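Hello,

Here is the structure I promised to pass on. Please open it first, then read my notes below.

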Amino acid sequence: MKRIIYLAAGSSRRFGENKLFFALDGKPLYRHGLDMLAALVKARDDCDLTVVSRYPAVLEAARALGARAADSPESEKGLSYTIRAGMDAAGALEEGDFLVFVVADQPWLTAATVSRLLDAARPGVPAACAVFGERAGNPMAFAAALAPELRALESDHGGREVAARHRPLAVPATSARELDDVDAPEDMER
């Protein structure tokens, strides 16, 4: 099973306000990825979706779409807390399972790219990440065997350093734009 964990709990320090609720093309930023992932999970039988947030509106939206919702009040302490909350909520892992982390501030990420990443998550692949050209980014997938390393992350450290230790398989994104994340209001206009 591929356990997709949608990370939607950040503090938006650089944005100036909570970017998850900032309107982009008529809906909150976080809904772009959430809606795409919920539809993708419904179309496949090899994955499920857990949404991690400390915002009640995000958790309610996740439940309404049939996703598992994980409250993460400690996420303000850093990304590692959000990752652990998602792993706890996703349930026990078996050999052959994968953890697939998708961040909520990449509204241009497509189902096609996520599908390629899910397909790449197979025996013999310890980790995989989306890439465009030389640029690697999110989402990222990790074999269940790497769960202890992910749990050991501290503060605001994410899975990138775990993946780097295991030479992640490069999975091509459809476009460079898909890997763009929104850190400031002007990122929405690029």
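What share of the 190 residues of the protein chain count as buried? The answer is 53%. Buried means under 20% relative accessible area, exposed means over 50%, and partly exposed lies in between (1.4 Å probe, protein chains only).

Two notes on the source. This is a predicted model, where local features need pLDDT of at least 70, side-chain atom pairs count only at pLDDT 80 or more, and totals for chains, interfaces and linings use all residues. Residues are numbered from 1 along each chain as its sequence is written, and side-chain values use heavy atoms, leaving out hydrogens and water.

Now the overall fold. The protein chain has six helices and nine strands. These are DSSP runs, numbered from the N terminus: helices are H or I with at least four residues, strands are E with at least two. The C-alpha trace spans about 40 × 35 × 35 Å along its principal axes. Take contacts between residues at least 6 apart in sequence: 66% of them join residues at least 24 apart. Contact means heavy atoms within 4.5 Å.

Asp-180 sits in the segment after strand 9 (169-172). Why does Asp-180 count as buried? Because its relative accessibility is 12%. The side chain of Asp-180 makes a polar contact of 3.0 Å with the side chain of Arg-135. A polar contact is a pair of N or O atoms within 3.5 Å; within protein, one must be able to donate a hydrogen and the other to accept it, and residues adjacent in sequence count only if both atoms are side-chain atoms.

Best wishes
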